[in-house]
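Here is a short report on one protein model. Please look at the sequence and the structure first, then read on.

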Amino acid sequence: MRISEVQNFALNSLNKCCKPRKSNENISSNNSLERSPMMDTVSFGKFDKTYEKLVKRFAGVRLINNRAYYRALQDSIYLNLKPTETTKRNPENDVYELELVSLREFRPEATQKRIQEADELMQSHIDDFNEIYGYTSGWEKKLTSTEDFERAAELAIYLDNNGYFPKDQPGEDDWFKNRLFGLDY
């Protein structure tokens, strides 16, 4: 069922039972539940939503021969792939960065202390990843080449497997990714 159908049903129900009858009840300014076109879209994945088209296109070009890496970045739970400020001003710069998604996104009701502890835990996982593979800290702030995007996908998979939410049982897709990176269960 489309979101617009649910919204229209709710709006019609409210209009029938809760609204006093007026001659101007169909005027849109009186209707506080007026539907906007943005309500019809639901987005998933962790590409930066503001520049999603730009990020998808560039990541798709860089990872054209490796669909598993592309999906790992797109479906990442803990990382957001976004353009740098210079790329936002001039898209021809083609420099992107990974941003750690805070626990606040998942648990907005959590205390500040809990959020800070969880974010520090995830940062320590990034540091562990860098130490395991011998990467220098900060490489995730300047992604330009195919190798950078492949490394970013490896980090996304590593964090998904070591994050603060338990990962679901591995499916066929996860098995393939884990075999690729030597992360067998």
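## Packing in a predicted model

Leaving aside neighbours within four places in sequence, Ala118 touches Leu103 and Tyr164. The coordinates behind this contact, and behind everything below, come from a predicted model. Ala118 sits in helix α6, which spans residues 112–133. Is Ala118 buried or exposed? Its relative accessibility is 1%, so Ala118 counts as buried.

**The chain overall.** The protein chain has eight helices and two strands. In sequence order the pattern reads α-α-α-β-α-β-α-α-α-α. Of the 185 residues in the protein chain, 33% are buried. Take the contacts with a separation of 6 or more: residues 24 or more positions apart account for 59% of them.

**Helix α2.** This helix covers residues 52–62, and its buried residues are Glu52, Leu54, Val55, Phe58 and Ala59. Why do they fall on the same side of α2? They cover an arc of only 160° around the axis, which puts them on one and the same side. The general rule is simple: an α-helix has 3.6 residues a turn, so residues three or four places apart point the same way. The face of α2 turned away from the buried side carries the exposed residues Lys53, Arg57 and Val61. Several elements cover the buried residues of α2, including the helices α3 (67–74) and α7 (146–162) and the strands β1 (79–83) and β2 (96–100).

The table sets out the two pairs.

| Helix pair | Axes | Angle | Crossing |
|---|---|---|---|
| α3 and α7 | within 8 Å | roughly 55° | left-handed |

Take α3 and α7. With axes that cross at roughly 55°, the two helices are oblique to each other.

Now α6 and α7. From α6, the contact takes Met122, His125, Ile126, Asp128, Phe129 and Ile132. From α7, it takes Arg151, Glu154, Leu155, Tyr158, Leu159 and Asn162. What classes do the residues of the contact of α6 with α7 divide into? There are seven nonpolar, two polar and three charged residues.

**A backbone detail.** Most residues other than glycine have a negative phi. Asp94 is not a glycine, but its phi is positive, at about 55°. Where is the place of Asp94? Asp94 lies in the loop between α4 (85–89) and β2. The relative accessible area of Asp94 is 26%, so Asp94 is partly exposed.

Key. Residues are numbered from 1 along each chain as its sequence is written. This is a predicted model: local features need pLDDT of at least 70, side-chain atom pairs count only at pLDDT 80 or more; totals for chains, interfaces and linings use all residues. Side-chain values use heavy atoms; hydrogens and water are left out. Buried means under 20% relative accessible area, exposed over 50%, partly exposed in between (1.4 Å probe, protein chains only). Helices (H or I, at least four residues) and strands (E, at least two) are DSSP runs, numbered from the N terminus. The arc is that of the directions from the helix axis to the C-beta atoms. Contact means heavy atoms within 4.5 Å. Axes are lines fitted to C-alpha atoms, for helices over the stretch in contact, and angles run from 0 to 180 degrees between N-to-C directions. Angles under 35 degrees count as roughly parallel, over 145 as roughly antiparallel, 65 to 115 as roughly perpendicular and the rest as oblique. A crossing is left-handed if the near helix is turned anticlockwise from the far one by less than a right angle, and right-handed if clockwise. Ala, Val, Leu, Ile, Met, Phe, Trp, Tyr, Cys and Pro count as nonpolar, Asp, Glu, Lys and Arg as charged, and the others, Gly among them, as polar.
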